[in-house]
Amino acid sequence: MEGQELPYVLIDCIGGVHGVYEDHVGFLQKHFHLITMKEYLENKTLLSKKIRAIYMWYQKPVVNKELLQSLPNLRIVASSGVGIDHLDLNLLSSFGVKVSNTPFIVSTDTADLGMALMLASSRRLVEGYEMAVSPDTEYFPADWLGAEVSGATLGIVGMGTIGYKVAERAKAFEMKILYHNRSQRKKEEESAVGAVYCKKIDDLLQQSDFVLLAVNLTPQTHKLIGKRELELMKPTATLINISRGLLVDQDALVEALQNKVIKAAALDVTYPEPLPRDHPLLKLKNVIITPHIGSATKKTRRIMMEEMTESIQAGIAGLPIPHEVLP
C-alpha cells in the first residue's frame, strides 16, 4: 500500500557467485526492502525484528537454528528450484516458519537438459568437438562411433513432472520407455508417452540403455544408485543424473566407469559442486559433467524470482502460499 513501509527480506548478497541476479534487483526492490547477510550481521540489533522473510537463491543464505533464533518475526523462507534437501523442514516448522519452492517452472528446462545430456553422451559430442578443433588432428577416423538414441530403451527413475516431460521428449525419438516411481501413473498418462511401469528398480536397470535419474533427494533415495545397482545395468548403458549428486554413490560410479561395468555417465549434478579439481570423474573420457544448469535459462530464472516474490507476499500477509512445502 502507498505510504506503507516495504517488508524487510533477507538475501545472501547481490551479484557474485550465489547472489541475487543484478537484473532481478529492480523488480524485487519494488516489493521488498532487501537486506544482505553482510548488512544484517553488521546491524543485528536494528534489523532482527524487522525481517519477515528470507529469499533463498540457490541455497543461500544458509538457514540454521542460530539464524532462526535471531529472527523472531520471520514468516517464510522462499527457496528457488525444486529440491528442498538443504532445508530442515521440521526445524523451520518448529519456529512457525513456512517454506515455498518453485517446482513446476523448472521442469521443462530440466527435461530439455536431460535429453541434451543423453544425446551429447551417446553421440560423444564433447570428444568430437575436442577432436575437431585439436591442432593435432590430421583426419577424422571412420571407426569413431557413437550409440543410437532413437529406438533405444530409456529407464526413468522418478516419474514426477520432470520425469514425465523427459518421457514426452523421448517418445519423439521413438524410444522404449520404462519408469520406476513410488506409485504408478494413470493408464492414460502411461499410454500418452508409451511408458511401462517397473515396480522394482532392478527390472528397469537391467533392461535400459539409458538410466535417467529424476527423483527428489530424501533419506530413502540417498545413494539410490550404488555398486549393486550399477552392476545390474548393461555394460553398454549410460547413467544420466539431473536431480541431486547424492543420489549416486560417486566412488562406486568411478569404479564402474573405470572398469567398464557401464559405458558412460552424463551428470548435471555431483557432490560436492564443483568437484575437487583432482577428482577422478573429471579425468574420465566417458563422463560429461555440466555445472548444475537444469533450470538455467533467463526466462525460467525470471519466473522463479517472480513466483518467490508471490510466495513471500502471501506468507507475510497470512494468505495461502503458492507452492508451499510441508514438513
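Biologist: Where does cysteine 13 lie?

Modeller: Cysteine 13 lies in the loop between β1 (8-11) and α1 (22-31). Helices here are DSSP runs of H or I with at least four residues, strands are runs of E with at least two, and both are numbered from the N terminus. Some bookkeeping: this is a predicted model, where local features need pLDDT of at least 70, side-chain atom pairs count only at pLDDT 80 or more, and totals for chains, interfaces and linings use all residues. Residues are numbered from 1 along each chain as its sequence is written, and side-chain values use heavy atoms, with hydrogens and water left out.

Biologist: Why does cysteine 13 count as partly exposed?

Modeller: Because its relative accessibility is 26%. With a 1.4 Å probe and protein chains only, buried means under 20% relative accessible area, exposed means over 50%, and partly exposed is in between. Cysteine 198, at 6%, counts as buried.

Biologist: How many bridges join β9 to β10?

Modeller: Four, and β9 (residues 210-213) and β10 run parallel. Pairing here needs at least two DSSP bridges between the strands. One of the contacts has leucine 212 with isoleucine 240 in β10 as its bridge partner.

Biologist: What about β10 and β11?

Modeller: Those two run parallel and are joined by four bridges, with β11 at residues 264-267. There, leucine 239 has alanine 265 of β11 as its bridge partner.

Biologist: What do β9, helix α11 and β10 make?

Modeller: A right-handed β-α-β unit, with α11 at residues 227-232. Right-handed means that, with the strands pointing away from the viewer, the path from the first strand over the helix to the second runs clockwise. β10, helix α12 (residues 250-258) and β11 also make a right-handed β-α-β unit.

Biologist: Now the voids. How many cavities of 30 Å³ or more does the structure hold?

Modeller: One. The largest cavity has about 30 Å³ of space. On a 1 Å grid over the protein atoms alone, a cavity is a set of points where a 1.4 Å probe fits but cannot get out, a pocket is an open set with protein on both sides within 12 Å along at least five of seven lines, and lining residues have an atom within 4 Å of a point. Points are joined across faces, edges and corners, and volume is the space filled by probe spheres set on them.

Biologist: Which residues line the largest cavity?

Modeller: Asn241, Gly245, Val248, Gln250, Leu253, Leu267 and Val269. That is four nonpolar, three polar and no charged. Ala, Val, Leu, Ile, Met, Phe, Trp, Tyr, Cys and Pro count as nonpolar, Asp, Glu, Lys and Arg as charged, and the others, Gly among them, as polar.

Biologist: How much space lies in the second largest pocket?

Modeller: About 440 Å³. It has 28 lining residues, and the closest to its centre are Ser121, Glu127, Ala264, Lys285 and Asn286. The lining has 15 nonpolar, five polar and eight charged residues. α7 gives the most to it, with four residues.

Biologist: Last topic, the backbone. Where is arginine 124, and what is its phi?

Modeller: Arginine 124 is in the loop between α6 and α7, and its phi is near 55°, a positive value in a residue other than glycine. Glutamate 174 also has phi near 55°, and is in the loop between α8 (161-172) and β7 (176-180).

Biologist: What kind of peptide bond joins lysine 60 and proline 61?

Modeller: A cis one, with omega about 0°. The bond from glutamate 273 to proline 274 is cis too, with omega near -5°. Most residues other than glycine have a negative phi, and most peptide bonds are trans.
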